[in-house]
Amino acid sequence: MHQIVAMAEHAPAPRPSPVLQVSDLAKSYTDGARTLTVLSQVELSVFPGETCAITGPSGSGKTTLLGLCAGLDEPSAGSVTLDGHPLESLSQNQRAALRGRSVGFVFQNFQLIPTLTALENVLVPLELQGQTDGRSDAQTLLDKVGLGGRGSHYPHQLSGGEQQRVALARAFVRPPKILFADEPTGNLDAETSERLVDMLFALNRENGTALVLVTHDPSLAARAGRIIRMHSGRIVSDTGSSLV
Amino acid sequence: MNTPTPPSPGKHSGVGAFFCRWTWAMAWRDARSQHKRFALYTLSVAIGIGALVAIHCLKASVHSAIGAQSKLLLGADLMLSSRRPLDEETIRSLAPKTRAIAAETAFSSMIGPVTGTRTRLVQVRAIRGGFPFRASVETVPPGLWSRLDEQPGMLVEAALLADLGVQVGDRLKLGAIELPVLGTVLKGVPRSSRFSGLTPEVFMREADLAATGLQGARSLVFYHRFLELNARNEAARLEITEEIRKRFAGNAVQIQTPESRRETLAEGLDKAAEFLGICALSALMLGGIGVAGAMHTHIRSRIQSLAILLCLGCSTPLAFGIYGIQTLVLAGTGALLGALGGVLTHALLVTLLAHQLPLSVAALPEAGVVFGAMTGGFLLCCGFGILPLLRISQCSPLATLSERLPEGRRSYTATGILALSLFALVWLVASLNGSRPTRALALSGGISLVFGCLAITALSLMRGARLVLRPAWPYLFRQGVSNLFRPHNQTLLFVLSLGLGVFLLLTTWFSKSLLLQKLQIDDQSITPSVILMDVQPDQTDLVRSIVAAQGLRPLEEAPIVTMRIESVRGVPVSALEPAAEEGGSAQGARVPRGSPKSIPRWVLEREYRSTYRNTVHTTETVLAGSWPPPALPTDGPIPISVEERFSQDLRLGVGDELVFDVQGIPMRCAVSCIRRVDWRKLNLNFIIVFPAGVLEQAPHSHLVSLRLPEGKTSGELQRSLLEAAPNVSAVDLSSLLATVSDVLQKAARVVELMAGFTLAAGLPILLGALWNGRDQRVRESALLRTLGASEKQIRAILVYEYATLGLIAGIAGTVLALGARFALAQWVFHSTQAPEFAPLVYSLTLPTLAALLAGLALSRGVCRQSPLLVLRQGR
């Protein structure tokens, strides 16, 4: 019995289940007789709380990988398991439900719904989950990103930085298990970018959310615990999981 | 690792999405910035459904009024009509079954003031007894009708007094007597003849009829008896009616009951309503296309928002629900407003026409009819609105990451099923119009074909514009015209809405014009303009001398002998079995034994006015056999010549035998010749022609046709005839055709009004299409101004674009209308005349001008907005 206890005390900490696991992933498009492969043989695991930056030149397949990981697109081969669910076995609507429950997004073009006010944009993920009393949570998040007084403004009445902060509030209003960010600072100036990235990492830490970040910006990539470099649709380097 | 339970897409999938609070909230949030545009499309739906509701309600209300007041329309429980005097003995034998019997003798005659030169052909109605039994007749001064039997005199229509230049109290000459005008009749005398309305009516008591000396000398006299039956209830009334019907069977007596009159009226009403229903259905389909166009443009502008929602976890059914709810609300609001508008239009029309209708129609329509038409319209608009929603299923959440996405696969199966469902809906709404299923199918098919043709024309013109555009052409013009075929263009919607309006209005105009052309007397010197009727054999020389004294020469003269068919190929008419009534018509049909097809009853029972001659007229073509016969047989059937349609109705061939009852004498005849008659020529044409040498001794009268020189009226001739031969009627074909033409013009105005309804329904769509394109124009103009374009150049581009759009819509509508006119001229009106030029000029210029003005009005602010603001908003 003692022996057993001793063994347990000296055993390595149990490895957590990855929130995202990608195996032998490939994506190709057919244009007539020609097949264009944009992604091949991608293997990747991301663990809860991990921050991971995907970098690489334009056309290297970063955004395609992000789309496949989030279940926005169907792979040509391989599999993606998100929050324990193999995506290939899920229907479009089941994938949407999974995203609503476990995934957050921040886009380069902010992607706010232009017909909704800032507050309503933040409320959407809560409302989609049937939560009717989320207004105060949404307002709190807006306050946290410094836009407490702009809740009734429409996206076109906000600056780029403000729109991205609303997007950030929307992504964290229902703390996700994994957040996908596609060039979150691509349309912002350096100073605004800096403030936004601080907020992004702070929220990530606070909520224990895994962060998958696609970026061209080396300084932004450097803030992530793990950097994956892509080229011609393949992962050419991976600094490895910071949590393992 | 255990695989967790797959995430549920939520309880709000499929139809459930329509019952989810969030989808309603999102639908509202999404639409609130578009309220003006949605209001415009709602208006389009409302106009379409309004037209449908108004027409259906009017039809139903008049039907109900006819049903409830059919006894008032007939004025009695039963009307017996004959072209021969009714047997008084038989009529007297009906006394135990009746409470009252009234009589009327009606014929056409000339009438004129004792002094003065004006004369007029009128319908004389000599009345005895208390007819009408159930209606009160309004006269000026009041109460004259009930005293008509008591004093000699006439009651006339007010318009006749003005025509003849006389007043109440003046005396009018009718045949051999002069009678004072006692007063005028306003309304309330039921019509006894289908010819009522073509000429003014004059009412007098029957007691004075013999003194006119006209009755015996007329070839076309109608004898009516009106019976008020001694029946306690409806069942007894029907029983007595059936008994009387049997008693008069085979006696060439027509029997009308409130039911048969109701059916006759309803049949005419149905035909008119069906025609108007085509316009209403077109307006409704335009409303539906408006909804489809609105939703198409709306969803196209919301693809990015949809992708974001899908990214955030919204399922496709929920996304579908958001826009489905918007479609429902748009169509529902339009349907409610349309129903309200339709009810108001109905009330307005009934109030305005109250004095012109022979019965009182309720101003408030039946709720069931309003609900039916509104629901049909609503469903059709929803059906059209769902079509663009299919695009939602093709939307990918990946659009949030990349704007350059391959086009989603279009589901042709879903589109096909929806298109078929839409066709079924159009058919259902067409059936609501009261059409038979096959007719509704033809109607739906026809309208779909027109829409299809317009769409093909629009697409061809867009393709044509792309092909003819040359780089060497001025930039501004090229830019304006290329807007027609570039992405996000509104050309198809524009052509459908404006083109359909142009097509309907122009086709209506062409139909009216072709019809009116037929009613004009042509300039050929052989075409008569006046026909003298009822010239007795001993009056022919007198009439010739009167005509000659006027400097005129008779064109044709023809003797007339009246007769009826007694048997066909050995089968007596009375032995022919009545066939099932067709289409609810009061004109039943009879089928000879073994006959595969019914024979219209009127063909068998009517009185034929035949002639005898050994010539073939210039308006006739011999199709079979020959005419005249080589020799009259001494002992065998008399060879006769019959008209083509008559031979078809009775399925007669050369050699077939018929027996005619020529005023009591049976005459065995055999078809010797079948000829085609050009009835459009107003010459003295006949269905049955006997050879000379057979009927000369039978009682007969003569017809004489004349042609008046250009600018000469028939007044002087009519006056001379009234003095010397008062029994002769001079029918002025020009004025008769002018009356018919006037009636048709009025009917055409109603049809044009309905076509205008369609155009009105199309206008909001047209404005909506322009509005949809406005945002694009604003963005492009901002870009062009950033690149250095002047306001004048931007305006020039817009002018070219809108003018070309209008012109294309005009061309599409005109081309289709010309096709329809060709078909009408070829197969309906048999006209070889070329289409008029003026309406073609209007149909091309007015849409162009309308599009230009509407486009420029909507683009007023395009050049005023800050380019920076525009480009920033469009980011």
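Predicted model: local features only at pLDDT ≥ 70, side-chain atom pairs only at ≥ 80, totals over all residues.
Strand β1 (residues 20-31) of chain A runs antiparallel to strand β4 (residues 77-82) of chain A, and five bridges join the two.

Two residues separate β4(A) and β5(A), which together form a hairpin, and Asp83(A) in the turn has a positive phi of about 50 degrees.

These strands are part of an open, antiparallel sheet of four strands, whose order in chain A is β2-β1-β4-β5. Because β2 (34-46) and β5 of chain A stand at the edges with a single partner strand each, one side of each has no neighbour in the sheet.

A further sheet of chain A is open as well and has six strands with mixed pairing, in the order β6-β7-β8-β3-β9-β10. Here the edges are taken by β6 (103-106) and β10 (234-238) of chain A, each of which has a single partner strand, so one side of each is left without a neighbour in the sheet. From one strand to the next, the twist averages 20 degrees. Within this sheet, strand β7 (residues 178-182) of chain A and strand β8 (residues 210-214) of chain A are paired in the parallel sense over five bridges, with Phe180(A) opposite Val212(A) in β8(A).

Helix α2 of chain A has a place in the description of both sheets. Spanning residues 62-69, helix α2 of chain A lies across β3 (51-55), β7, β8 and β9 (226-231) of chain A and runs at about 150 degrees to β8(A).

Two packed helices are described by the angle between their axes and the distance between the axes.

| Helix pair | Angle | Axis distance |
|---|---|---|
| α4(A) (residues 118-128) and α6(A) (residues 160-172) | about 25 degrees | 7 Å apart |
| α4(A) and α5(A) (residues 135-144) | roughly 120 degrees | within 9 Å |

How are α4(A) and α6(A) oriented, roughly parallel or roughly antiparallel? Their angle of about 25 degrees makes α4(A) roughly parallel to α6(A), and α4(A) passes α6(A) in a right-handed crossing. On the α4(A) side, the contact is made by Ala118(A), Asn121(A), Val122(A), Val124(A) and Pro125(A), while α6(A) contributes Val166(A), Ala169(A) and Arg170(A). By type, the residues of the contact of α4(A) with α6(A) are six nonpolar, one polar and one charged.

The axes of α4(A) and α5(A), by comparison, cross at roughly 120 degrees, and the two helices are therefore oblique to each other; their crossing is right-handed. The residues that meet are Ala118(A), Leu119(A), Val122(A), Leu123(A) and Leu126(A) in α4(A), and Arg135(A), Asp137(A), Ala138(A), Gln139(A), Leu141(A) and Leu142(A) in α5(A). Of the residues in the contact of α4(A) with α5(A), eight are nonpolar, one is polar and two are charged.

Ala118(A) and Val122(A) are listed in the contact with α6(A), and these two residues are listed in the contact with α5(A) too.

Turning to the interface between chains, 28 residues of chain B are in contact with 33 residues of chain A. On the side of chain B that touches chain A, α1 (21-31) and α8 (303-311) of chain B each supply at least two residues, and α8(B) gives the most, with four residues. The residues on this side of chain B comprise 14 nonpolar, 12 polar and two charged.

As for confidence, chain A has an average pLDDT of 85, and 92% of the residues score at least 70. Residues 1-10 of chain A, however, have a pLDDT below 50, and beyond near neighbours in sequence this stretch has zero contacts in the model.

Terms used: Residues numbered from 1 in each chain as written. Chains lettered and ligands numbered in written order. Pairing = 2+ DSSP bridges. Axes fitted to C-alpha atoms, helices over the stretch in contact; angles between N-to-C directions. Contact = placed C-beta atoms within 7 Å. Nonpolar A, V, L, I, M, F, W, Y, C, P; charged D, E, K, R; others polar. Parallel < 35°, antiparallel > 145°, perpendicular 65-115°, else oblique. Left-handed = near helix turned anticlockwise from the far one by under 90°. pLDDT = per-residue confidence, 0-100.
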